[in-house]
Every structure is written in C-alpha cells, then in structure tokens.
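Q: I am new to this structure and would like to learn how to read its features one by one. Could we go through them together, beginning with a single residue?

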Amino acid sequence: MSRHPSRPAQDALTLEPVAITRSCFRDKFGVPRQPGLTRHAWADLVIQPPYNREDAFRGLENCSHLWLTFQFHEAVRAEWRPTIRPPRLGGNRKIGVFASRSPFRPNSLGLSVVRNEGLSRREGNLVLRIREHDLIEGTPILDIKPYLPFADVVADAHIEWASDAPTERLTVIFSDDAERQLQALDGDRYPDFRSLIEDVVAYDPRPSFRRGRIEERVYGAHLYDHNVRFRFDDGHVTVLTVTLLD
C-alpha cells in the first residue's frame with residue numbers, strides 16, 4: 001500500500017512554463033504542420049523565473065537539437081473529441097486523436113524537435129534561441145530536453161498514412177513590391193525572412209479542401225510584425241506584399 005494518499009489528478013499535477021516563446025509566427029495560419037519543414041523559422045524562448053539561471057542549462061551548448069514539451073495554448077477546449085481529421089489525409093478520413101498529432105487533444109500538450117542556436121542574456125532576460133520550429137507567439141514551454149540521436153532515431157519506425165516527408169513545393173514568385181519591401185528590412189531583426197516566406201507559402205498553408213486550387217482570393221500570414229500577402233496562381237504562388245502590421 002502506498003504511504004501517500006491518492007489525490008485527484010488536477011491537484012497532484014501542476015505545470016508552469018519554464019519559458020515563453022517569442023516567435024516569427026504570430027498566429028496559427030502559415031505555421032508548418034511539423035517542425036523542421038521550415039528551416040528558416042527562428043524564435044526566442046524567454047526563460048521564466050526561477051528557471052532563468054545559467055547553471056540550469058550547463059552543457060546545453062553541446063546539444064545541436066532539443067525536445068520541447070509545450071502547450072497548444074490557442075487550441076485549449078473545454079471538451080475533447082475522440083477522433084480528428086488529419087490534413088495529411090485530405091481532411092476526409094477520421095482517426096483517433098491518440099493516433100494523431102492534432103493540437104486539439106486532452107491536456108493540449110505538444111512535442112517538437114528544434115535546432116538549438118544558443119543561450120544568451122538580453123536586456124536582463126535569459127534567452128534560448130531556436131530554429132526550425134513550429135511554435136506561435138506566446139507558446140508556453142513546459143520542458144526542455146536534449147535530443148539524443150542514438151536513442152531518439154528509430155530506423156524501422158513507420159506510420160501508414162504519413163510515411164514520407166512532404167516534398168511537393170509550389171514555385172514561389174515575389175512581386176517587385178515584395179522584393180523592394182524585403183530589401184529594406186534589417187536582416188538581423190528579421191533573419192532569413194525571404195526564405196521563411198518561401199517555406200511557408202510553398203507548402204500551401206490553406207485548408208485541405210482548398211489546396212491545389214487556383215484562386216483570386218488573396219491570403220495573408222503574419223510573420224514577425226509583418227503581413228505577408230500572397231495569391232495562388234496556376235502552378236505557383238505569388239507573394240504580393242510584405243508590409244508592417246498596424
């Protein structure tokens with residue numbers, strides 16, 4: 001018999017963020033469906049007290065990649081559903097939520113592998129820089145762990161409906177206006193911005209039922225503090241403008 005009396009799960013389990021994300025992705029539209037698809041996505045994880053101590057991260061400089069456990073804070077729902085429709089299956093076939101990586105799940109927890117770009121002090125904050133991520137602005141980070149290649153790579157792993165990484169990318173064309181607007185931006189403040197835009201729009205971030213269509217409709221994605229407007233044409237996507245948000 002346990003020496004400790006049992007407690008309700010909500011009382012026994014308390015989670016608090018160890019970091020808050022400052023991301024190039026300001027909302028969900030345009031975020032890659034898996035980390036690593038957007039190689040040029042940068043973010044800062046602002047470490048929160050009392051975890052903002054360098055000694056808590058000693059040795060992290062030797063890790064090329066990290067596991068992040070986080071909360072899908074904009075997908076929290078009062079009720080959960082047992083099945084979802086993965087975009088990879090065209091949004092037409094249902095599978096169980098625990099057979100998916102949908103953000104709409106019990107506890108709203110996510111898990112991502114990201115590239116470690118180093119720890120630094122900035123304006124009094126301890127900041128962990130990352131790249132190749134899929135986190136939106138304000139995402140609470142609940143834990144950080146090193147990625148271990150010898151243990152975390154499973155050579156014979158497979159999944160029937162998502163066996164291969166998406167490789168089909170649309171050709172991306174930048175209008176003259178978009179090119180001029182990008183050239184005027186500070187490269188240090190907006191690292192790899194042009195390449196980030198290409199990665200986001202080339203994989204067609206539209207809902208599954210709209211993909212592959214030629215549309216007159218103009219879409220917009222909020223990247224950093226800019227609105228990127230683009231349109232899907234015949235066989236390519238045209239980036240129209242890159243303007244500062246109001």
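Predicted model: local features only at pLDDT ≥ 70, side-chain atom pairs only at ≥ 80, totals over all residues.

Q: Is V113 buried, partly exposed or exposed?

A: Buried means under 20% relative accessible area and exposed means over 50%, with partly exposed in between. V113 has a relative accessible area of 22%, so V113 is partly exposed.

Q: Which residues does V113 touch, not counting those up to four places away in sequence?

A: With such neighbours left out, V113 touches P35, H65, L66, W67, E132 and Y147. For one of these, W67, the separation from V113 is 46 residues in sequence, while their C-alpha atoms are 4.7 Å apart in space.

Q: What is the order of the strands in the open sheet of 4 strands?

A: The order is β9-β12-β11-β10, and the pairing is mixed. At the edges stand β9 (171–174) and β10 (218–223), each of which pairs on one side only.

Q: In which sense do β9 and β12 pair, and which helix lies across them?

A: β9 pairs with β12 (residues 236–244) in the parallel sense over 4 bridges, and helix α3 (residues 176–183) lies across both strands, running at about 45° to β12.

Methods:
Residues numbered from 1 in each chain as written. Heavy atoms only, no water. Buried < 20%, exposed > 50% of the residue type's maximum accessible area, 1.4 Å probe, protein only. Contact = heavy atoms within 4.5 Å. Pairing = 2+ DSSP bridges. Helix = DSSP H or I, 4+ residues; strand = E, 2+ residues; numbered from the N terminus. Axes fitted to C-alpha atoms, helices over the stretch in contact; angles between N-to-C directions.
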